[in-house]
Amino acid sequence: MQSKCNTKIEVNKVEIEFTSKQLISYGGFSLIAAFFEKIKLRDVLESVIPVKEISPNSIGIYGKVLAYTLMLYAGGSRFSHLLYLGCHEVLSTLFAVQRLPLASTTLTRLFGKINKLKDVESMSDGLWSYLSKLIPWSKIIEDWLTFDSSVLERYGKQEGVQRGYNPNKKGRGSHNPLFAFLNKSKYVVNLWNRPGNAASCNNIIGFFESTWHRLNSLIKINGIIADSGFYLLKFIQTIETKGLKYIIAARLYRPLQRKIYSIINTKWKEAADGIWVSEFMFKHDEWDKERRYIAVRQDIKRRTQAMGKTLPLFKNDFYMNEYRYSVWVTNMDDKPYEVWVKCRPRANDENTLKELKEDFALGGFSMKKFYSTEASMLIRVFIYNLFVLFRYEIFEQQEKIERLKTMRYKYFVLPAQLGSDGRKAILRISVVKQKVRSKLLYLYNRINQYVPACNDICNAFG
């Protein structure tokens with residue numbers, strides 16, 4: 001009876017009707033489609049994902065990963081957000097696939113099949129091998145390699161979810177993945193997922209070796225920067241054997257606090273208003289030799305956002321409590337203030353992690369199986385790296401730092417209708433302002449003229 005209802009509906013004297021024409025909200029995804037075609041993404045994903053599909057009715061690996069990718073670009077953070085994409089028929093035509101999955105279980109089954117360590121390692125190496133051929137290393141030339149970890153809260157009983165360090169939600173189970181970044185160019189070079197109760201430095205030696213193997217022949221590494229979670233003798237010794245420079249934040253163990261306390265005022269040199277730097281040689285009892293340390297203290301009263309920590313061993317000393325202290329171990333010969341300036345850009349990593357969490361749902365899409373969860377994380381990080389490449393190669397200078405959420409509402413969320421002219425399919429994008437039309441045409445031309453760093457990607461990859 002509802003289908004035969006002829007009652008007219010009006011809202012503020014505007015009559016409401018329905019259309020069966022194929023429309024989508026993301027006409028700007030045509031930019032992504034053009035870029036994916038240019039970098040030959042389809043063939044690579046079919047080879048890299050360690051899942052074989054034999055059903056003649058299968059959507060295909062590329063169709064499933066593509067739906068996952070577009071869902072992220074549309075702002076999805078869980079598998080059920082596949083509904084965000086709207087009319088899948090238009091997107092299927094635009095990206096030249098037979099069809100896209102309609103049910104979220106299609107994606108969960110795909111990642112559920114990747115549940116072994118060897119499969120995850122193979123997929124990680126394959127994705128990086130492909131990506132490393134796309135990144136224009138000749139433009140980057142050199143960069144700092146930085147390491148960090150992150151806490152991803154979980155709300156179930158998935159594999160690897162354990163209680164560990166969680167500053168935001170104490171006692172909540174989590175995963176604690178390791179990350180390796182290129183600091184200035186903002187690429188994520190490596191990712192290992194770990195249980196929530198793993199210490200920051202757990203598996204760091206193997207992780208470093210894996211990361212170093214990926215970058216050694218591609219770019220000049222200026223040095224290693226890491227926070228206090230990686231203040232480990234074996235890690236420092238491993239870096240030294242590679243002949244690399246390093247700046248690693250030191251944990252304020254009691255012997256180190258006493259050493260800082262022993263520094264007299266004449267050894268502190270004022271570097272800026274309310275900031276003093278000093279240097280000293282120090283050796284822990286179990287360490288093999290003395291190493292150089294850089295200490296920075298900041299006046300709490302003069303600097304309201306002073307970084308560092310107070311020294312708990314001397315909490316009753318009024319003078320010491322007026323400052324916050326930060327300490328780094330390094331093998332660099334630069335002046336103390338210059339060393340401190342070089343390690344400060346590590347904040348870029350925090351911004352990258354924030355972008356991964358807020359724009360690419362790093363903490364979402366948790367699966368029952370541990371390695372299935374890691375596989376979905378690897379794909380998201382890969383999608384993030386492709387976005388960094390897309391942003392850097394296609395957009396103008398002022399837009400190279402804009403995040404996905406900004407790009408989404410500037411260029412992706414554009415209503416569009418799929419039509420035809422004879423036998424030729426046409427996507428008609430609704431753009432009123434001529435300025436926006438001109439910018440879109442400029443971007444399409446930029447993609448059309450874009451030449452990947454490796455022209456014959458598929459052959460080189462194979």
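This report walks through the cores, aromatic pairs, sheets and a few individual residues of the structure above. Please keep in mind that the structure is a predicted model.

In soluble globular proteins, nonpolar side chains tend to be buried together. Here the largest nonpolar core has 131 residues, and F29, F36 and F147 are those with the most contacts inside it. Helix 13 gives the most to this core, contributing 14 residues.

**Aromatic rings**

A pair of aromatic rings is described by the distance of the centres and the angle of the planes. The count for this model comes to 38 aromatic pairs. Take F36 and F95: their ring centres are 6.4 Å apart and their planes stand at 55 degrees, so this pair is tilted. The two residues come from distant parts of the chain, 59 residues apart, with F36 in helix 1 (residues 29-38) and F95 in the loop between helix 4 (88-94) and helix 5 (104-112). Both F36 and F95 are buried.

Another pair, F282 with Y293, is edge-to-face. F282 belongs to strand 13 (residues 275-282) and Y293 to strand 14 (residues 291-299), 11 residues apart. F282 and Y293 are buried too. The table puts the two pairs side by side.

| Pair | Centre to centre | Angle between planes | Kind |
|---|---|---|---|
| F36 and F95 | 6.4 Å | 55 degrees | tilted |
| F282 and Y293 | 5.7 Å | 85 degrees | edge-to-face |

Aromatic residues also gather in a group: Y26, F29, Y73, F360, Y384, F387 and F412 form one cluster. F29, a member of that cluster, was named above for its contacts in the largest core.

Rings meet charged side chains as well. R297 lies over the face of W276, at 4.9 Å from the ring centre. K400 lies over the face of Y392, again with 4.9 Å to the ring centre.

**Strands and sheets**

Strands of a sheet pair through backbone hydrogen bonds, either parallel or antiparallel. Strand 3 is joined to strand 16 (residues 416-421) by 2 bridges, and L23 stands opposite Q417 in strand 16.

Strand 15 (residues 323-330) has 7 of its 8 residues buried, so it is largely enclosed by the rest of the structure. Strand 15 pairs with strand 11 (residues 246-249) in the antiparallel sense over 3 bridges, and I248 has V329 as its bridge partner in strand 15. Strand 14 and strand 15 are antiparallel too, pairing over 8 bridges; A295 stands opposite V327 of strand 15.

**Some single residues**

S376 sits in helix 13 (residues 370-394). With a relative accessible area of 0%, it is buried. Its side chain reaches the backbone oxygen of T373 at 2.7 Å. Beyond residues up to four places away in sequence, S376 touches Y68, F111 and F365.

V44, in helix 2 (residues 41-48), has 1% relative accessibility and counts as buried. Between V44 and Y62 there are 9.0 Å in space, C-alpha to C-alpha, while in sequence they are 18 residues apart.

Two residues other than glycine have a positive phi. For N12 the value is near 50 degrees. N12 is in the loop between strand 1 (9-11) and strand 2 (14-16), and is exposed, with a relative accessible area of 74%. For K40, phi is near 55 degrees. K40 lies in the loop between helix 1 and helix 2 and counts as partly exposed, at 34% relative accessibility.

Methods: Residues numbered from 1 in each chain as written. Predicted model: local features only at pLDDT ≥ 70, side-chain atom pairs only at ≥ 80, totals over all residues. Heavy atoms only, no water. Helix = DSSP H or I, 4+ residues; strand = E, 2+ residues; numbered from the N terminus. Buried < 20%, exposed > 50% of the residue type's maximum accessible area, 1.4 Å probe, protein only. Polar contact = N/O pair within 3.5 Å; in protein donor to acceptor, adjacent residues only side chain to side chain. Contact = heavy atoms within 4.5 Å. Phe/Tyr/Trp six-rings, centres within 6.5 Å; stacked < 30°, edge-to-face > 60°. Lys NZ or Arg CZ within 6 Å of the ring centre and 35° of its normal. Core = buried A, V, L, I, M, F, W, Y, C linked by side-chain atoms within 4.5 Å. Pairing = 2+ DSSP bridges.
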